[in-house]
Amino acid sequence: MAEQKFEDAFQKLEAIVKKLEEGNLSLEESLKAFEEGVRLSRFCAKKLDEAEKKVEILLKDSEGRLLSHPFSLNSAEEE
Amino acid sequence: MSIFRPIYTVTQLTTEIKNLLERNFEYIWVEGEISNLRIPTSGHIYFTLKDETAQIRAVMFRLQSRLLKFEPVDGLQVISYGRISVYEPRGEYQLIVDYLEPKGLGALQLAFEQLKEKLAQEGLFDPAHKKPIPRLPQRIGIVTSPTGAAIRDMLKIIERRYANVHIFLYPVRVQGPGAAQEIAQAIKELNEWPSIDVIIVGRGGGSLEDLWAFNEEVVARAIFSSRVPVISAVGHEIDYTIADFVADLRAPTPSAAAELVVQEKIELIEGLANLNNRLFHNFRSLLEIKKEKLQSLLYRLTDPRKRLSDQRLRIDDLSHRLFKNIRQTLLKKKEIFQFKKDSLFLQHPGRQIDQASWHLQQLFRQMILAERGELRLLRQKWQNWSEKLSALNPLAILERGYSISWLLPQGEIIKDASFLKPEDKVRVKVHKGEFMAKVEKINLKEE
């Protein structure tokens, strides 16, 4: 779901920038477009920053439930 | 009576035949075409191996047949490995097959082709079913061996690219018995793990046998049923597995899959930065343009007060020019007027009359003068003519004794006597009076 929002926002931002580059907007329209562009840009940046950088391994516990644990290549090779 | 002619019983004969055959044809390779294939519920495969001119019955027992990777069918050329056996109760010999492989194509290869055909028919490879890979996957599931080369390569790439993604590794065996089942299970469970955006399924390079798990039907079906998009990343570039055909996207290697997934994000970050730049840059230049326009308009649109004084100056200037102009015009007009007046004055009727009368007087004087002179001339002329006339008066000639004669009754003056006849009447005028005469005689001679 978050994915869709990012996609939409990014595409809208592209459209706005293109429109501004064409230069046919009135001052009022340009202002509005610019504001919207900035808002979208901030939203996209936030989305891009959102994911943490993490590597985990999923293992089943004694009851068969899947749990995540931190994983690193070194620890795997030790097994 | 003993004749050296052994007499066999049927059993004896059969036993001899059995020994002979079984000893001499113990484990042989036989090539032929399958026909009359029959697989009862027992699972044993009964068939006939034949070629153009001969055939032999064959059987492959369940114990061996269940290991077959491919499906034997009528018409298939095969190479079998087995032994001859004689079944005494029926007096038949047959080939007991322990191993069977398709001729030309490897068994695995054939199995691959057969499954590929089957799943293709079912539509598992249909592009319409393929889901798009999300542009910004944040949470990525990976199904592979935790100790294999694949995961190592993938994590290295992700690390190198500094991409902030959350990886969930679901460890599985990637070859050997049961591997396919584990892989299928992993895919299923990752679908249930919260918010996985994309799943990568793969392993490092290997032989067809090594990669075989990814050609199994159970894996194909698990990928097809996955709600989350699946990227297959099996072996090397040249390896194509069934998993590759079913997946929503095939990556040629696990490293390529990692690049793909991470590259998008980096491209998006750059793309966003670029859009941002353009946004600000363009807006700035747009503002500049608008500003300039405004400036120029502003310039033209001067302060009202300045405008007033400007107007005043203008008015002054104009009125000055106007005034100057008028004066000049006026002067000019005056000149013209004067000129006209003068000309008019010259044209004054009174004046004209004076002029005329003076003119007339002059003419009169001239006339009189002329007349006098003229008269004198005329008189002289008259005099001359009258003298001339007197001299020429015919009647003066009469004074000298000449006479004029007219022929009567016509009244012609007679100059030529030849026109006369005797007895003609003539009228004669002399200096004093006239008389009538009659012609007596005509004389034409010259004197």
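The arc is taken from the directions that run from the helix axis to the C-beta atoms. By buried I mean that 20 or more other C-beta atoms lie within 10 Å of the residue's own; exposed means 12 or fewer, partly exposed is in between, and the C-beta atoms are placed from the backbone.

Before I go on, a word on the source: this is a predicted model, where local features need pLDDT of at least 70, side-chain atom pairs count only at pLDDT 80 or more, and totals for chains, interfaces and linings use all residues. Residues are numbered from 1 along each chain as its sequence is written, while chains are lettered from A and ligands numbered from 1 in the order in which they are written.

Back to our helix. Helices (H or I, at least four residues) and strands (E, at least two) are DSSP runs, numbered from the N terminus. H5(B) covers residues 179-192, and at 1.5 Å a residue its 14 residues should span 20 Å; the end C-alpha atoms are 20 Å apart, so the two agree. That expected span is 1.5 Å times one less than the number of residues.

A nonpolar core is a set of buried Ala, Val, Leu, Ile, Met, Phe, Trp, Tyr and Cys residues joined through C-beta atoms within 7 Å. The largest one has 54 residues, and B:Ile183 and B:Ile187 touch the most other members. H5(B) supplies the largest share of this core, seven residues. Leaving out residues up to four places away in sequence, B:Ile183 touches B:Val143, B:Val172, B:Val201, B:Ala213 and B:Val219. There is a second, separate core of 14 residues, and among its members are A:Leu13, A:Cys44, B:Leu136 and B:Leu272.

Now have a look at helix H4(B). Its buried residues are B:Ala150, B:Ile151, B:Asp153, B:Met154, B:Ile157 and B:Ile158. They sit within an arc of only 165° around the axis, which puts them on the same side of H4(B). They pack against S6, S7, S8 and H8 of chain B. With 12 residues at 1.5 Å each, H4(B) should span 16 Å, and its end C-alpha atoms are 16 Å apart, which agrees.

Next, where the chains meet: 30 residues of chain B are in contact with 34 residues of chain A. On the chain B side, the elements giving two or more residues are helix H4 (149-160), strand S7 (166-171) and helix H8 (254-300). H8(B) gives the most, with 11 residues. By class, that side has 18 nonpolar, six polar and six charged residues. Ala, Val, Leu, Ile, Met, Phe, Trp, Tyr, Cys and Pro count as nonpolar, Asp, Glu, Lys and Arg as charged, and the others, Gly among them, as polar.

Strand S1 (residues 54-60) of chain A pairs with S7(B) in the parallel sense over four bridges, and A:Val55 stands opposite B:Ile167 in S7(B). Two strands pair if DSSP finds at least two bridges between them.

Elsewhere in chain B, S2(B) (residues 45-50) and S3(B) (residues 55-60) pair antiparallel over six bridges. They form a hairpin with four residues between them, and B:Thr48 stands opposite B:Arg57 in S3(B). S3(B) is also joined to strand S5 (residues 92-102) of chain B by two bridges, running parallel. Further along, four strands of chain B make an open antiparallel sheet in the order S12-S11-S13-S14. Its edge strands are S12 (412-413) and S14 (434-438), each pairing on one side only.

Finally, the overall counts. Chain B has 11 helices and 14 strands, and 22% of its 447 residues count as buried. Chain A has three helices and two strands, in the pattern α-α-β-β-α along the sequence, and 23% of its 79 residues count as buried.

Key
Contact = placed C-beta atoms within 7 Å.
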